[in-house]
Amino acid sequence: MVKPCPKEMKCDVELSSYAIRDVEEYKNFCDRQKDQRPQPEEVIADIAEHLTTIHLSRCERGKRCLYEGSTPLGGFPNSWGGAAYCTSDLSIHKNGETHIWDKGFDDNGSQVWGTKAGPYEFKPAPKSNYDDMFSPLNFSAPLSLEKMESSYAIDDQ
């Protein structure tokens, strides 16, 4: 969920993420006909517990990002993979890239999951990928996994 930050906060945008109840129901969501996707009222019912909120602010003039932010100090409770809490840092860049650095930490503050060298970098797929993918002449050609998963390519450092 994306919404403006509350007036008392020193940020511009609040980005909250939630778990969904039945992950299988959402696999290949964008590849399905609209009438075969969960409908808006079903989606609302499928939202489960709040996972995390990141507060984003406009980047300072001269930086390559548009918005950047992170979870509040101390992160959020998280028990996945032996973690006690998790943190997220996010930046949205002028060139369309989104960088996300999610990390899980145990009770001792040791990182137990997430990348250590830097964020995941989601880069917009080249426009030609869309043209190739939807061209009537190319429907018989196999699509790459990258094109089927999303419009972003992941660069895991």
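Reply: Buried here means under 20% relative accessible area, exposed means over 50%, and partly exposed lies in between (1.4 Å probe, protein chains only). The model is predicted, so local features need pLDDT of at least 70 and side-chain atom pairs count only at pLDDT 80 or more, whereas totals for chains, interfaces and linings use all residues. Residues are numbered from 1 along each chain as its sequence is written, and side-chain values use heavy atoms, with hydrogens and water left out.

Side chains of opposite charge can pair when their charged atoms come close. The structure holds 4 salt bridges, a salt bridge being a side-chain nitrogen of Lys or Arg within 4 Å of a carboxyl oxygen of Asp or Glu. Among them is the pair of Lys-63 and Glu-68, whose closest N and O atoms are 2.7 Å apart. Glu-68 is partly exposed, at 30% relative accessible area, and Lys-63 is also partly exposed, at 34%.

Another salt bridge joins Glu-24 to Lys-27, with 3.0 Å between the closest N and O atoms. Here Glu-24 is exposed, its relative accessible area being 53%, while Lys-27, at 46%, counts as partly exposed.

A further salt bridge links Glu-121 and Lys-123, and its closest N and O atoms are 3.7 Å apart. Glu-121 is buried, with a relative accessible area of 12%, whereas Lys-123 is partly exposed at 30%.
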